[in-house]
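Student: Before we start, could you take me through this structure feature by feature, giving the general idea and then the particular case?

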Amino acid sequence: MTTIRQRRVEKGTEAAEDQPSEEKNVKPDGKILPDHTGGKLRNIISITVGGIVAISLGLLTSVYVATLHENDLWFSNIKEVEREISFRTECGLYYSYYKEMIQAASIQQGLHGLVYDNKTESVRTINILERMNVYQEVFLSILYRILPIQQYLEPVYFYIYTLFGLQAVYVIALYVTSWLLSGTWLSGLLAACWYITNRIDTTRVEFTIPLRENWALPFFAVQIAAITYLLRAHLRPFQERLTLTAIFIATFLFSLTWQFNQFMMLIQALALFILDCFDMLPTAKVTWLYIIQLSGLLLVCVLQFFNSMILGSLLISFNASVLIARTIQKNLKKGGLLSRLGKLILHVLLVLCLTLLINKFIKKILNLESDEHIFKFLKAKFGFGATRDFDANLYLCEEAFGLLPLNTFSRLSDTLLFYVYIFVLFFMTVAAVIVAFRNLSGSNQVQFVAKMEECTITLKPDAAYSLIHTVLFGCLALSTMRMKYLWTSHMCVFASFGLCSTEVWKLTLRCIHLYTSQRTHVIKYSIPIITLLYISYKFWPGIMDELSELREFYDPDTVELMNWIKSNTPNTAVFAGSMQLLAGVKLCTGRTLTNHPHYEDKNLRERTKQIYQIYAKRSPEDVYRILRSFGTDYVILEDSICYERRHSRGCRLRDLLDVANGHIMDGLGENEPDLKPSLYPRFCEEIKKNLPSYTIHFTRVFQNKTFHVYKLAKHK
């Protein structure tokens, strides 16, 4: 894959016949100059070559990540149970519903099983389609059943190849976005190359295939590309309608495939709000984008059986508030600098107050508490008071929800991406501040405006949106490492656009008094080509070594556990244990669970905390009573949790449980003064001693180096 990609770089350097940016054929007075035959031919050749390169890079990226996945696990050679175990934690849970739909007697029976599911949470019947974002699994399973491919392609390969295929869509969308911003497909080529060479920080699809973000982010990238095109000038009405349709479809698919869609689109709505306030985007187009976000999310809400978490989202409240505030403040963009600043402050306060009021009202009416753990986590994360809340601390102690590690920047710098990004970000930010001040100044600052126009400091709407988008998602990534993939992929787009942008180089050269149009043109193409050659030279050997490195899946203890469960327990047995392990139990064995990793439900969070008392300092009677209240037949204890060393003291699961229960933690170190010693030893340790007080309730039926399975007695 990489070999072909680097050849494309060299071809691009020889034939950099780029698509001209839309301003080339436009006079300052807005009149369009007639195209010459030669110009039209160059455009056709450029678009054709650029399109071929985009599709080639997208397909090669799919092959690349698929090869890495195969080489890492030897996926084609391992057993079915090993393939399923490789879908760790929540990945296994999502894939299990695809497997259920495939194995169902009919599509109708499979759908009925999802709508009336009683195996995901014991003693409860839940609607999987309402609770989780699994429509993609439903669609894919139906497609597999109706297509004549069962004899040639196993269900698991149809699933993973679809996800790897979406990576092609992702890369093409990034490529097109960069091309649209800069006016040259050389920029798209550079963006795609950066995405590949920074793969560790731009995607994790090859080892977390079924994760919701791997479904959603390609559609998000398509939406951003369509928004970039929408914000261009001189669009015909037909082009605008077609683009709005594309944005709606991409927004809908993004929202349908990821439960965190509302938070990502809230950040996007904030970007639109900021730019609209400073008059940097056309108001009519911004309004359409607000409406598309609302309608897309509400359509998903309907498909998810009126999921209350969607109705109570901040995005719906915020977008509704902005539209209401606009009708109240109709003259927001009129007047001088001080007048507009005053109106702007009032507008922001009005939108903020309306958002909080509407959101509070909706949550009160719906009695919504599904997302309260997220706000508890955010409150504790940003220092608004310490918390003993188990759910909040569970997130705080996970590395994925911590700050972005500093070594991320050293990796991004190795490919020159971070250096270029900072360079472009600086000049674009300067331009944005000047343009925003000029827009707010209005007609009272004629001399200042004239002076600015002499310096030709401008910022096109699509570039302005890209700037605010990367800044806001950059802040999100810096605060929460798991969200870095939303930032780093757009970082590739933003940096490549700036490096190939006439406006950026013009501003840079003017600052050092070296500007000429010819010099700008030469630098605009030579610097990206040199960067591509550097990337090719430095990373070619490493990528070739990576593609030739062969490993094999190896987890004999988990395989032994799953095989034992399938062979020695009834199909109706109910299992308790850690969320991560139980997702695999459901996928591999089809047994009923007490809890699982999809954490966006208050009752499930309470249930999980109760189940996890198996790792706390509780009496055997208490643990037995808790487990039986959820219909548990077997409980699985993991030494890796009971004797955990991965986290430091205070962040081990047993420590979180001790603090939540008011008990002092194990080991040397400080404890809060009101914590007290427990009256009982730790359950997961003490049960292994086979004391009479434990054996009366629990009988060990399976044991290996990692897992201990106990069967619960059924007392009358």
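Tutor: Gladly, and the caution that belongs at the start is that this is a predicted model. Let us begin with accessibility, where a residue counts as partly exposed when its relative accessible area falls between the buried limit of under 20% and the exposed limit of over 50%. Leu303 is partly exposed because its relative accessible area is 31%, and its place is in helix H14, which covers residues 283–303.

Student: Which residues make the nonpolar surface patch, and what is its area?

Tutor: The patch is made by Leu299, Val302, Leu303 and Phe306, and its area is about 340 Å².

Student: How should I read the domain assignment, and how far apart do the C-alpha centres of the two domains lie?

Tutor: The bounds come from an automatic or database assignment, and here domain 1 is written in two segments, 163–367 and 405–538, while domain 2 is given as 556–712. The C-alpha centres of domain 1 and domain 2 lie 44 Å apart.

Student: How many cavities does a search of the whole structure find, and what lines the largest cavity?

Tutor: A cavity is a space where the probe fits but cannot get out, and the search finds three of 30 Å³ or more. The largest cavity holds about 100 Å³ of space. Its lining is made of 13 residues, and those nearest its centre are Leu174, Phe220, Ala221, Ile224 and Ser489. Two or more lining residues are given by each of helix H8 (155–182), helix H11 (212–230) and helix H24 (484–499), with H24 supplying the largest share, five residues.

Student: Staying with helix H24, is Leu499 buried or exposed?

Tutor: Leu499, which has its place in helix H24, is buried, because its relative accessible area is 4%. It also illustrates how sequence distance and spatial distance are read side by side: Leu499 and Ser187 are 312 residues apart along the chain, and their C-alpha atoms are separated by 7.6 Å.

Student: What is the volume of the largest pocket, and which residues lie nearest its centre?

Tutor: A pocket, unlike a cavity, is an open set of points, and the largest pocket here has a volume of about 1,700 Å³. It is lined by 49 residues, of which Thr89, Glu90, Glu398, Gln580 and Arg646 lie nearest its centre. Among the elements that give two or more residues to this lining are helix H4 (89–103), helix H28 (579–589) and helix H32 (653–660). Tyr95 lies in helix H4 and counts as buried because its relative accessibility is 3%. The C-alpha atoms of Tyr95 and Gly584 are separated by 9.7 Å, although the two residues are 489 residues apart along the chain.

Student: How many salt bridges does the structure hold, and why can such pairs form?

Tutor: Side chains of opposite charge can pair when their charged atoms come close. The structure holds 33 salt bridges. In one of them, Arg204 pairs with Glu213, the closest N and O atoms being 3.0 Å apart. Arg204 counts as buried because its relative accessibility is 15%, and Glu213 is likewise buried, at a relative accessible area of 5%.

Student: Which parts of the chain does the salt bridge between Arg654 and Asp666 link?

Tutor: The side chains of Arg654 and Asp666 meet at 3.9 Å, N to O. The pair links distant parts of the chain, with Arg654 in helix H32 and Asp666, twelve residues away, in the loop between H32 and helix H33 (683–686). Arg654 counts as buried because its relative accessibility is 9%, while Asp666 counts as partly exposed at 24%. Both residues belong to a network of salt bridges in which Lys617, Arg654, Asp658, Asp666 and Arg682 are linked.

Student: And how far is Arg654 from Phe263, in sequence and in space?

Tutor: Phe263 and Arg654 are 391 residues apart in sequence and 31 Å apart in space, C-alpha to C-alpha. Phe263 has its place in helix H13, residues 261–277, and is buried because its relative accessible area is 18%, which is under the 20% limit.

Note on methods
Residues are numbered from 1 along each chain as its sequence is written. This is a predicted model: local features need pLDDT of at least 70, side-chain atom pairs count only at pLDDT 80 or more; totals for chains, interfaces and linings use all residues. Side-chain values use heavy atoms; hydrogens and water are left out. Patches are made of residues with over 30% relative accessible area and no salt bridge: like charges are joined within 9 Å, nonpolar side chains (Val, Leu, Ile, Met, Phe, Trp, Tyr) within 5 Å. Accessible areas come from the Shrake-Rupley method with a 1.4 Å probe; for residues, only the protein chains shown count as cover. A salt bridge is a side-chain nitrogen of Lys or Arg within 4 Å of a carboxyl oxygen of Asp or Glu. Helices (H or I, at least four residues) and strands (E, at least two) are DSSP runs, numbered from the N terminus. Buried means under 20% relative accessible area, exposed over 50%, partly exposed in between (1.4 Å probe, protein chains only). On a 1 Å grid over the protein atoms alone, a cavity is a set of points where a 1.4 Å probe fits but cannot get out, and a pocket is an open set with protein on both sides within 12 Å along at least five of seven lines; lining residues have an atom within 4 Å of a point. Grid points are joined across faces, edges and corners, and a volume is the space filled by probe spheres set on the points.
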